[in-house]
Amino acid sequence: MDVADLTPAQARERFRSGERAPTAGWCRGWTQANLIAVPSELRYDLLLFAHRNPQACPVLDVGEPGAYSTELFSGDLRTDLPGYRLYRDGRAVADLDEVVEEWREDLVPFLIGCSFTFERALLAAGVPVRHLEAGTNVPMYVTSIPCEPTGRLEGPLVVSMRPVPEKLVATAVEVSGRYPRVHGAPVHIGDPDAIGIRDLGAPDYGDPVEVREGEVPLFWACGVTPQQAVLAGGVKYAIGHLPGHMAIMDVRDDRYRVT
């Protein structure tokens, strides 16, 4: 069965059974989200960080302390994503297939909007999405743009990149701009060096993609930004998704489209 035709429940069952893959192109028409779970003592810091950096950290849902499902995600956040990253003392210490043993009673899960959610709309408007064509993960880069800090959280903006033919740049901006709760329009267009990216062929997360002649790199704010803040802030304990390996939610992507 084509992964685009799966329901969220079917996809989560496959991940729970051990399938591991980036989720771009999975579950056509359903919202995807970034996961970051922090100790309860940090939940207000993270909420304020998200409030001050809304394009990078649009909060879609928040669980209670210790909860591993939310109103918009009826699965198990400990097992139903295709990959996790564990943080201790401001360092990424392990990439895991599931986090049942690591999930503490004081962890508060946040689900942050993901730009995979508007890729169906880009394709419908005739805008190519190169990582979908290639069957790879989206390239993500740590920029030189600082986020607005709060409490114990600080750090640089992370962006995802999609190369777009020059004649379709305005279309890509307009289409993605209709989805402000899942990052919205690009934060930067063109020269990667202007935002501290030295080499498009060496992303910090994900896989590189070809930028062809006549194409312009477009950069969208990315929901891996909170994980970068966990690193920069030296947070003692946190769990995130493996970048590009998202939580597939029980809500349609059109819910986050504005006219």
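Biologist: Let's start with a pair in helix H1: why are Arg16 and Glu13 separated by about one helical turn?

Modeller: Because they sit three residues apart in helix H1, residues 8-16, and that spacing puts about one helical turn between Arg16 and Glu13. Helices here are DSSP runs of H or I with at least four residues, strands are runs of E with at least two, and both are numbered from the N terminus. Before we go on: this is a predicted model, where local features need pLDDT of at least 70, side-chain atom pairs count only at pLDDT 80 or more, and totals for chains, interfaces and linings use all residues. Residues are numbered from 1 along each chain as its sequence is written, and side-chain values use heavy atoms, with hydrogens and water left out.

Biologist: Which interaction do the side chains of Arg16 and Glu13 meet in?

Modeller: A salt bridge, at 2.4 Å from N to O. The rule asks for a side-chain nitrogen of Lys or Arg within 4 Å of a carboxyl oxygen of Asp or Glu. By that rule the count comes to 19 salt bridges. Glu13 and Arg16 are also linked with Asp80 in a network of salt bridges.

Biologist: Where do the partners lie in the salt bridge of Arg162 and Glu119?

Modeller: Those side chains meet at 3.0 Å, N to O. Arg162 is in strand E7 (residues 156-165) and Glu119 in helix H3 (residues 119-124), so this pair ties together parts that are 43 residues apart in sequence. Arg162 is buried at 2% relative accessibility, and Glu119 is buried with 2% as well.

Biologist: And which helix holds Glu133 and Arg130?

Modeller: Helix H4, residues 130-134, where the two are three residues apart, about one turn of the helix. Glu133 is partly exposed at 47%, whereas Arg130 is buried at 5%.

Biologist: On to empty space. How do I read a cavity?

Modeller: Rolling a probe the size of a water molecule over the atoms shows where empty space is left. On a 1 Å grid over the protein atoms alone, a cavity is a set of points where a 1.4 Å probe fits but cannot get out, and lining residues have an atom within 4 Å of a point. Grid points are joined across faces, edges and corners, and the volume is the space filled by probe spheres set on the points. This structure holds one cavity of 30 Å³ or more, and the largest cavity has a volume of about 80 Å³.

Biologist: Which residues lie nearest the centre of the largest cavity?

Modeller: Asn34, Cys114, Ser115, Met140 and Cys222, out of 16 lining residues. The lining divides into eight nonpolar, eight polar and no charged residues.

Biologist: What about backbone angles?

Modeller: Most residues other than glycine have a negative phi, and most peptide bonds are trans. Cys27 has a positive phi of about 55° although it is not a glycine. Cys27 is found in the loop between H1 and strand E1 (30-39) and is buried, at 1% relative accessibility. Asp89 likewise has a positive phi, about 50°, without being a glycine, and lies in the loop between strand E3 (84-88) and E4.

Biologist: How far apart are Pro156 and Ile145 in sequence and in space?

Modeller: They are 11 residues apart in sequence and 5.5 Å apart in space, C-alpha to C-alpha. Pro156 lies in strand E7 and counts as partly exposed at 22% relative accessibility.

Notes:
On a 1 Å grid over the protein atoms alone, a cavity is a set of points where a 1.4 Å probe fits but cannot get out, and a pocket is an open set with protein on both sides within 12 Å along at least five of seven lines; lining residues have an atom within 4 Å of a point. Ala, Val, Leu, Ile, Met, Phe, Trp, Tyr, Cys and Pro count as nonpolar, Asp, Glu, Lys and Arg as charged, and the others, Gly among them, as polar. Buried means under 20% relative accessible area, exposed over 50%, partly exposed in between (1.4 Å probe, protein chains only).
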